[in-house]
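Subject: A structure for you to explore

Hello! I am passing a structure on to you, with notes on what turned up in it. Have a look first, then read on.

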Amino acid sequence: METINKKLSLGQSLFSEDIRISYKGPVDGKIITYLADYVSVIDELSEKANKKLFKIFFELAENISNYSSDKIKLKKGKAVGAGTIILKETDKNYFLVTGNPIRNEDLIPMMENSKNINTLDHQEL
């Protein structure tokens, strides 16, 4: 029962009115541009914070487009990665959540790279 309650709680928090962006599907240049335009005009943020959020959004969206194992062919025959992008606002923060499937054989190398990146300080990044 506890697992069901956790899932319901997660679903309620993800689909609350605090969600600024919720997208699932192919992530190509047009989608990135469209969503990035919205991110770049969030007026509650300072210019510095807005630029930082924009850069992070753009990098994560490009990662989905380039590295998702779930590829979708567009009309012109170009295959792009598919995934999920969620931008949620709280009283003090913005949370940018992205996700996409990866191949099983890529899991261990990705986890090792992530572990390495997480040990770096601001200057090393």
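How accessible is Glu44, and does that make it buried, partly exposed or exposed? Its relative accessibility is 48%, so Glu44 counts as partly exposed. Here, buried means under 20% relative accessible area, exposed means over 50%, and partly exposed is in between (1.4 Å probe, protein chains only).

Before going further, two notes on how to read everything below. This is a predicted model, in which local features need pLDDT of at least 70 and side-chain atom pairs count only at pLDDT 80 or more, while totals for chains, interfaces and linings use all residues. Residues are numbered from 1 along each chain as its sequence is written, and side-chain values use heavy atoms, with hydrogens and water left out.

**The overall layout**

The protein has 4 helices and 4 strands, and from the N terminus on they follow the order α-β-α-α-β-β-β-α. Helices (H or I, at least four residues) and strands (E, at least two) are DSSP runs, numbered from the N terminus. Of the 125 residues in the protein, 22% are buried. Among contacts with a separation of 6 or more, 54% are between residues 24 or more positions apart; a contact means heavy atoms within 4.5 Å.

Helix α2 covers residues 29-39, and its buried residues are Ile32, Leu35, Ala36 and Val39. Seen down the axis of α2, these fall within an arc of 105 degrees, so they line one face of the helix. (The arc is that of the directions from the helix axis to the C-beta atoms.) The face turned away from the buried side carries the exposed residues Lys30 and Tyr34. What covers the buried residues of α2? The cover includes β1 (19-26), α3 (47-67) and β3 (79-89).

In soluble globular proteins, nonpolar side chains tend to be buried together. In this model, the largest nonpolar core has 15 residues, and those with the most contacts inside it are Val27, Phe57, Ile85 and Leu87. The elements β1, α2, α3 and β3 give two or more residues each to this core. A nonpolar core is a set of buried Ala, Val, Leu, Ile, Met, Phe, Trp, Tyr and Cys residues joined through side-chain atoms within 4.5 Å.

Ile64 is buried, with a relative accessible area of 1%. Although Ile64 and Val27 are 37 residues apart along the chain, their C-alpha atoms are separated by 6.7 Å. With the cut-off of four places in sequence again applied, the residues that Ile64 touches include Thr98, Gly99 and Asn100.

**A buried charge**

Asp28 sits in the loop between β1 and α2. This residue is buried yet has no salt bridge, and the nearest side chain of opposite charge, Lys30, is 5.9 Å away. For charge, Lys and Arg count as positive and Asp and Glu as negative, while His and the chain ends are not counted. A salt bridge is a side-chain nitrogen of Lys or Arg within 4 Å of a carboxyl oxygen of Asp or Glu. Not counting residues up to four places away in sequence, Asp28 touches Ser65, Leu74 and Val80.

**Salt bridges**

How many salt bridges are there by this rule? The count comes to 5. In one of them, Arg20 pairs with Glu44, with the closest N and O atoms 3.5 Å apart. Arg20 lies in strand β1 and Glu44 in the loop between α2 and α3, so the pair ties together parts that are 24 residues apart in sequence. Arg20 also forms a salt bridge with Glu89, at 2.5 Å between the closest N and O atoms. That pair links distant parts of the chain, with Arg20 in strand β1 and Glu89 in strand β3, 69 residues apart. Another salt bridge joins Arg103 and Asp106 (3.0 Å, N to O). Through shared partners, Arg20, Glu44 and Glu89 form one network.

**The hairpin**

Finally, look at β3 and strand β4 (residues 94-99), which pair in the antiparallel sense over 6 bridges. Two strands pair if DSSP finds at least two bridges between them. β3 and β4 form a hairpin with 4 residues between them, and Lys88 has Phe95 in β4 as its bridge partner.

Enjoy exploring!
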